[in-house]
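Here is a short briefing on one protein chain. Please look at the sequence and the structure first, then read the points below.

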Amino acid sequence: MIERRKNQEEKYLSTLIEAIPNLIAISDGKNMISANKSLLDFLGFNSTEKFLQKYNGLCDLFVAANEDALLRQIGEQTWIEYLLEHPNKKLAYMYKGRDLHIFNIKIAKLEWDDSFLYVITLDDITELELHKQRYSQAIKGSHIGIWEWDLQNDNVFLSAHWKKMLGYEDHELKNEFATWKERVHPEDLEQAMQSIQNSIDNKMNFFHNTHRLRHKNGGWVWVDDRGEIFYDDHGKPIRMIGTHMDITKLKESEEKNLLKGTSNNPRHS
C-alpha cells in the first residue's frame with residue numbers, strides 16, 4: 001500500500017513537471033536526479049538517463065558569462081543554498097548549440113520520503129535581456145537613466161545614471177520600487193501610476209508620461225518616462241523596461257514662454 005502510494009506520488013510529480021513549459025530539473029541537493037522534456041530538448045538529449053550519465057549537476061552546464069553568472073559555489077555556500085536564501089538574485093547562462101541563453105532561476109524545496117528534493121525552474125529571459133542591452137547601447141553617453149521592473153518577483157533595477165540625475169551615487173539608493181515612488185511629486189504620482197495601468201489594461205506594449213522626481217538637494221527634476229511592457233503567453237504583464245530623460249530645462253523654458261505670453265497679452269494688462 002505504501003509502495004503504491006509512493007509510486008503514485010512520483011508519477012504525479014513527474015506528470016506535473018512535464019506539463020510545465022519551463023526548463024525543470026530535480027536535485028537531491030548535490031546531484032541531478034531528473035529533468036523534464038523541455039530541459040532535455042534544450043540540451044539535445046533524448047532521455048533523462050543519457051543526461052544524467054553526462055552531467056552530475058545542473059551547474060556543470062552553466063558558463064561564467066559575466067559577474068552575474070551563477071556558478072557551482074558562492075563563497076562557502078552551494079548554489080542551491082545561496083538561491084534559497086537569495087531568491088531571484090542570480091542569472092544562469094547556458095549554451096544551446098552556439099547560442100548563449102540567459103535564465104532566471106527559482107528553487108522550491110520539497111519534503112519527500114523523509115528527505116528533501118529541490119525543484120529547479122529555469123525561465124528563459126534571453127529576449128528580455130537583449131532588449132535591456134539595446135536600451136543601454138542606445139542611450140550610452142546620453143543624459144538618460146534606465147529602469148527595469150520584474151513584475152513577477154517585484155525586483156527593480158535603477159541604473160547609475162538614473163540615480164545621478166537625482167544627485168545620488170549608485171550605492172546611495174536601493175534598487176527597489178519605493179526608491180522611485182517615494183520621490184515622485186505628490187501631484188504627479190496618481191497620473192504616473194495610472195498611465196502604466198491604462199497601458200496594461202489595454203494590453204499595450206508601450207506607455208509614456210511625464211512627472212517630477214525629488215532631487216537630493218530638495219528641488220524637482222522633470223522626467224520624460226517611456227517604457228515597454230512584456231507579457232507572457234497568457235497576456236499577463238511580467239516585466240517592464242524603460243527610460244527617464246531629464247527635461248527640466250525644457251519645462252522651465254516652456255513655463256517662461258507661457259508667462260511671457262501672458263504678460264504680453266492685452267487682456268492681462
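Predicted model: local features only at pLDDT ≥ 70, side-chain atom pairs only at ≥ 80, totals over all residues.

Residues are numbered from 1 along each chain as its sequence is written, and side-chain values use heavy atoms, with hydrogens and water left out.

**Salt bridges**

- The whole structure has eight salt bridges. A salt bridge is a side-chain nitrogen of Lys or Arg within 4 Å of a carboxyl oxygen of Asp or Glu.
- Asp224 pairs with Arg226 in a salt bridge of 2.7 Å, N to O. Arg226 is partly exposed, with a relative accessible area of 44%.
- Buried means under 20% relative accessible area, exposed means over 50%, and partly exposed lies in between (1.4 Å probe, protein chains only).
- Asp150 and Arg239 form a salt bridge, with their closest N and O atoms 3.7 Å apart. This pair links distant parts of the chain: Asp150 is in strand β8 (residues 144-150), Arg239 is in strand β12 (residues 237-246), and they are 89 residues apart.
- Strands (E, at least two residues) and helices (H or I, at least four) are DSSP runs, numbered from the N terminus.
- Asp150 is buried, at 5% relative accessible area. Arg239 is buried too, at 8%.
- Glu148, Asp150 and Arg239 are linked in a network of salt bridges.
- Lys216 and Glu172 meet through their side chains in a salt bridge of 2.9 Å, N to O. Lys216 lies in the loop between β10 and β11 (220-231), and Glu172 in the loop between α6 (160-165) and α7 (177-181), so the pair ties together parts 44 residues apart in sequence.
- Lys216 is partly exposed, at 44% relative accessible area. Glu172 is partly exposed, at 35%.

**His211**

- His211 sits in strand β10. His211 is buried, with a relative accessible area of 0%.
- The side chain of His211 makes a polar contact of 3.1 Å with that of Trp180, and one of 2.8 Å with that of Asn209.
- A polar contact is a pair of N or O atoms within 3.5 Å; within protein, one must be able to donate a hydrogen and the other to accept it, and residues adjacent in sequence count only if both atoms are side-chain atoms.
- Leaving aside neighbours within four places in sequence, His211 is in contact (heavy atoms within 4.5 Å) with residues including Val184, Asp188, Trp222 and His244.

**Met204**

- Met204 is in the loop between α8 (189-201) and β10 (206-214). Met204 is partly exposed, at 40% relative accessible area.
- Met204 touches Ser199, Ile229 and Tyr231, not counting residues up to four places away in sequence.

**The cavity**

- The structure holds one cavity of 30 Å³ or more. On a 1 Å grid over the protein atoms alone, a cavity is a set of points where a 1.4 Å probe fits but cannot get out, and lining residues have an atom within 4 Å of a point.
- About 150 Å³ of space lies in the largest cavity. A volume is the space filled by probe spheres set on the points, which are joined across faces, edges and corners.
- Among the lining residues are Trp147, Glu148, Trp180 and His244. Strand β8 gives the largest share of the lining, three residues.

Technical notes:
1 Å grid on protein atoms, 1.4 Å probe; cavity = no way out; pocket = protein on both sides within 12 Å on 5 of 7 lines; lining within 4 Å.
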